[in-house]
There are 2 protein chains.
Amino acid sequence: MIKNDLFLRALKGETVERPPVWMMRQAGRFLPEFMKIRKKYDFFTRCRTPELASEITVQPIRRFGMDAAILFSDILVIPQAMNIEVEMKPDFGPYLPNPVRDQKGVDTVVVPDVDVELDYVMQAIKATKEELNNEVPLIGFAGSPWTVFCYAVQGQGSKTFDKAKEFCFTNPVAAHQLLQKFTDTTIAYLKAKVKAGVDVVQIFDSWGGMLSPVDYQEFSWKYINQIIEALKDDAPVIVFGKGCWFALQEMAKSNASALGVDWTITAQNARYLSGGNITLQGNFDPSRLLSPPSEIKKMVHQMIDDFGKDKYIVNLGHGILPNIPLDNAKAFIDAVKEYNI
Amino acid sequence: MIKNDLFLRALKGETVERPPVWMMRQAGRFLPEFMKIRKKYDFFTRCRTPELASEITVQPIRRFGMDAAILFSDILVIPQAMNIEVEMKPDFGPYLPNPVRDQKGVDTVVVPDVDVELDYVMQAIKATKEELNNEVPLIGFAGSPWTVFCYAVQGQGSKTFDKAKEFCFTNPVAAHQLLQKFTDTTIAYLKAKVKAGVDVVQIFDSWGGMLSPVDYQEFSWKYINQIIEALKDDAPVIVFGKGCWFALQEMAKSNASALGVDWTITAQNARYLSGGNITLQGNFDPSRLLSPPSEIKKMVHQMIDDFGKDKYIVNLGHGILPNIPLDNAKAFIDAVKEYNI
């Protein structure tokens, strides 16, 4: 069905001629064609208008020809649909004016009917699938329950998410209730996304690395694994845990199809810790895209040599930065396509 | 000479009745007696007035009886002495109005005579040694060249220090010149500190974990190792690299007396990666001090069991948070003193 199925084959662990490539946050930020749309429409209008979300999603594919598209959206559409107010402040990022900090707050959070509350996402998926015309697979994503919890409790971005952790450590009963509500909603949401047409789902645990290995199991992994178990027969699941190297061994035992890793781990260590059998995705330092294009190409080839071309998806170790020159992003994608020729 | 030499013995790897304990950032922040001084004097006045710096240094020892004191100061006194303007903005943190961003900027940075430019630190050490009256050892510290570089180039704190990394990746020649200047100054500074009376030195590589393993060797570890080699005959050197688990193997081969680790690594992994022979220091999650005191005590005992009581210094995995209740900090220290009784 999908003409370029390199990404799907890598997720199955099949032998490929070269690894597939895409970039986290490829839809948006650094693209001039995106910046034009951004000037006209605010953040949530872009997310909620299927024509805009689908246009933004396919822009990088048109320009660079990655092997997968990822739907333009945000992890915070979930709490927003759950009766938690979410604003996106320019030059500041997410801002939640009424963060959840106690049992009373947890009680006001609702598990919604995602087909109603998040219908605009499903419409965006349908529009995108039409645009993509089966050229490449489409990825749908969600934040991990812990990462969504971090924003819902902290109320904004943070270097330590100390208020989110404080809530867990001083009121674990209420914290677990909230995490379970996020988990239940995320499962329903991702199932609806698959039904609407996404081929693969990725869970972003951006703040899992804030937790100790023991606390990670209790407050993050337990819930991610519920999602994997619920989704495993619907679509391949990729789990990306930033700073979560310490949990790779446990993660590799799950039914996830692939694990994303950030740039602070060597390919050798990532393979060792994940047991060598599961597909890995990553892990180019996003700041290294500021190196000259010729150097980027060399480093990408080295990275593929280090991970091995099979059971591997080339990606960055976190989202692309807004200040990356187009030629440098192109060098990254081209280097993968030129591999093994 | 020093009455309580538990800390010095642990640094030598000797068998001890219980591990020593201190807390990163124990001088300041969460102590009411510090907050009184803070109301009256601004940040650099506190650093530059020997009576204030020494009073702040001994306050936590008086209240909790840790096994080591650490001189109240800041890692940014070094760039400040090198012709780089540094301000400390309330509710913002360090702010450097003229960050170093090119070769011209690097050329204006001077390697100073530390005995002149940083004499106030040496006076603070002498005053503190008198106050301490040989009860416990005194630690002097410096930032790693990379971490100081991060602030000097970025101009302020950052989640990614992308401008500092951009400078390294686009102008490595100038970046290495600046790193070498910080290294030369740090060596002279730490030697002067030992001469003035500190018993141990600690290097804080707070932002080493922003780099990939390969880049870490080139832009951070190389310079830290120069400092270790220069200081090894003067005093025991502790290196704390936040997020630098991936470099532990390399670090353990150096002449450092101990390695600090953050809370994202298990004791078992830390021992494994560091080879099992070097003294380790850490690694209680600072946010976990928000748990009830009885739980803190249990977790501390578990942590000592996991690291083993020898070749081990109990500490946090990063600095103590400002909002930690006194009873909780006390529970942390007491738990160590009650171990093995």
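Biologist: Leaving aside its neighbours within four places in sequence, which residues is Ile139(B) in contact with?

Modeller: Ile139(B) touches Ala68(B), Ala69(B), Ile70(B), Leu71(B), Val198(B), Val200(B), Val201(B) and Gln202(B). Contact is used here for C-beta atoms, placed from the backbone, that lie within 7 Å. This is a predicted model, where local features need pLDDT of at least 70, side-chain atom pairs count only at pLDDT 80 or more, and totals for chains, interfaces and linings use all residues. Residues are numbered from 1 along each chain as its sequence is written, while chains are lettered from A and ligands numbered from 1 in the order in which they are written.

Biologist: And which residues have the most contacts inside the largest nonpolar core?

Modeller: Those are Ile139(A), Phe149(A), Ile139(B) and Phe149(B), in a core of 240 residues. Such a core is a set of buried Ala, Val, Leu, Ile, Met, Phe, Trp, Tyr and Cys residues joined through C-beta atoms within 7 Å. Buried takes 20 or more other C-beta atoms within 10 Å of a residue's own, exposed 12 or fewer, and partly exposed is in between, with C-beta atoms placed from the backbone.

Biologist: Thanks! Now, is Phe161(B) buried or exposed?

Modeller: Phe161(B) is buried, with 23 C-beta neighbours inside 10 Å. Its phi is positive, near 45 degrees, though it is a residue other than glycine. You'll find Phe161(B) in the loop between helix H9 (145–154) and helix H10 (162–170) of chain B. Helices (H or I, at least four residues) and strands (E, at least two) are DSSP runs, numbered from the N terminus.

Biologist: What about Asn133(A), buried or exposed?

Modeller: Asn133(A) is exposed, with 9 other C-beta atoms within 10 Å. Its phi is positive too, about 55 degrees, although Asn133(A) is not a glycine. Asn133(A) sits in the loop between H8 and strand E4 (138–143) of chain A.

Biologist: Switching topic: where is there a cis peptide bond in chain A?

Modeller: Look between Gly282(A) and Asn283(A), where omega is about -10 degrees. Asn283(A) belongs to strand E8 (residues 279–284) of chain A. In chain B, a cis peptide bond joins Gly282(B) and Asn283(B), with omega about -10 degrees.

Biologist: Last one: how can chain B be laid on chain A?

Modeller: By a turn of 180 degrees and a shift of 0.0 Å along the axis, with an RMSD of 0.0 Å. The two copies are thus related as by a two-fold rotation axis. In chain B, the C-alpha nearest that axis belongs to Lys159(B), 3.3 Å from it. The superposition is by least squares on the C-alpha atoms of residues with pLDDT of at least 70 in both copies.

Conventions:
Contact = placed C-beta atoms within 7 Å.
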